[in-house]
Amino acid sequence: MDYLQISASAKLSGTLTVSGAKNAALPILAATILAKNPVSVSNLPHVADVRTFLRLIKLLGGEYSEPHGELSGRQLIDTRSLDNTTATYEIVKTMRASILTLGPLLARFRECRVSLPGGCAIGQRPVDLHLKALEKMGAIINITEGYIHATAPSGLSGATIVFDKITVTGSENLIMAAALAHGTTKILNAAKEPEVVSLCEIISAAGVEIRGIGTDELEIVGTGGELLELQPIRVIPDRIEAGTYLCAGAITQSEITLDHVEPKHLEAVIDKLTQMGFGFEITSDRITIKPAKRIAPIEIVTSEYPAFPTDMQAQFMALATQAEGSSIIEERLFENRFMHVGELVRMGAQIALRGNTASVTGRAALTGADVMATDLRASSALVLAGLAAKGTTRVHRIYHLDRGYEKIEAKLGALGANIVRLEE
Ligand code: UD1
């Protein structure tokens, strides 16, 4: 197993290119199940979850090829030969986002089996809202032997769905199901994350009428079972990867520039960093962060887009350890997303947890330690802490990190960080 070794780094400098967004790429790969043509997808990030999803498409009988070689990040995905409709436990257990195959498989084949994802390190994460919504569209759902068995013998029908809670992958599953349904589906309280908007735009570019894109009320006119002619797709930039590297600049008080980024998707993150005292220069696809005179403490509440993302909570907690004073971070989306707290405390952070709120007292003198990654974003928080700590930090179990960050050690290394990947 690999681990990352990080030694106290001087200031970072230079420009870093942001990869395509994992959370946009996964629903796009799922949407290729709806296509009647081979689909070109470019700017795919080289991360484990994307490789796992491609493997899943192959297991279902689809094909993919990389026309421009290993490093191009472009795939031609052909699901015309797809003939297996079971997403097995073996694959779902390594990637919860496999649930994204449920909507498109059911819509296309009228029958599918998808292993029920279990809980995970950050909380229970049920999929009840996905299932209830599909039932409203006429699906018959049975849970047997750990699998969701869904059928819709006459196809799915348009319906009005009101999500009790905003769910990102739930909205995406429904959008894909509705695209092939008979009649019009209304989704109220839909997620508005840029990754959801990107999926809507891709399906709309294939000729499906979608009203309300970018709002929480979507209306989708289904094709009545006809497969879609998907246009070539470019994955949008990863706002969470970008936000993480902005935090790397911030925690080391460095000036760095991010390229190939969508600043509009990062407004909540940039706003919080500005409140902490950091400066910015922003163009249409580049962001430069500049050091703060004094890092001010911050109050953060995680919420749905466009508010502050839960996927940036852990990284800001690492950064808050370096602020002058007390920061408050409240996690509203996931009940157990504080696994990084114990590890940060082992590095010298002062963090008190009460329910879903963490109080972080800065400025703490962090020292390097052996720490364990527990989930994807928690892992990147430990890397950030390692950049600011005195001495050497070893972050173990980085397979979590590899699920969502492309070549993190190469990207940070190119900016001057002392970071290497080693084997246990
Ligand atoms: C997606 C993102 C993840 C991000 C999260 C919140 C992907 C692949 N993953 O996850 O990185 O942290 O959005 O922005 O895009 N819930 C239910 N029942 C359901 C579905 C969700 O109770 O059927 C709850 C969840 O437990 C959670 C909240 O709703 O408390 C939001 O979860 P959701 O938006 O569904 O997260 P994911 O789509 O799994």
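Where is the place of Ser 98? Select Ser 98 in this predicted model: the residue sits in the loop that runs between α3 (89-92) and α4 (102-109).

Is Ser 98 buried or exposed? With a relative accessible area of 0%, Ser 98 is buried. Next, show the side chain of Ser 98 together with the backbone of Met 95: a polar atom of that side chain lies 2.6 Å from the backbone oxygen of Met 95.

Move on to helix α1 and select residues 22-31. Of its 10 residues, 9 are buried, so α1 is largely enclosed by the rest of the structure. Colour the buried ones: Lys 22, Ala 24, Ala 25, Leu 26, Pro 27, Ile 28, Leu 29, Ala 30 and Ala 31.

The last stop is a pair of helices. Two packed helices are described by the distance between their axes and the angle between them. Select α8 (residues 239-251) and α12 (residues 376-388), whose axes come within 9 Å and cross at roughly 20 degrees. An angle under 35 degrees counts as roughly parallel, and α8 and α12 are therefore roughly parallel to each other. Their crossing is right-handed.

Which residues make the contact? On α8, show Ile 240, Thr 244, Cys 247, Ala 248 and Ile 251. On α12, show Arg 377, Ser 380, Leu 384, Ala 385, Leu 387 and Ala 388. Coloured by class, the contact of α8 with α12 has 8 nonpolar, 2 polar and 1 charged residues.

Methods
Residues numbered from 1 in each chain as written. Predicted model: local features only at pLDDT ≥ 70, side-chain atom pairs only at ≥ 80, totals over all residues. Heavy atoms only, no water. Axes fitted to C-alpha atoms, helices over the stretch in contact; angles between N-to-C directions. Helix = DSSP H or I, 4+ residues; strand = E, 2+ residues; numbered from the N terminus. Parallel < 35°, antiparallel > 145°, perpendicular 65-115°, else oblique. Left-handed = near helix turned anticlockwise from the far one by under 90°. Contact = heavy atoms within 4.5 Å. Nonpolar A, V, L, I, M, F, W, Y, C, P; charged D, E, K, R; others polar. Buried < 20%, exposed > 50% of the residue type's maximum accessible area, 1.4 Å probe, protein only. Polar contact = N/O pair within 3.5 Å; in protein donor to acceptor, adjacent residues only side chain to side chain.
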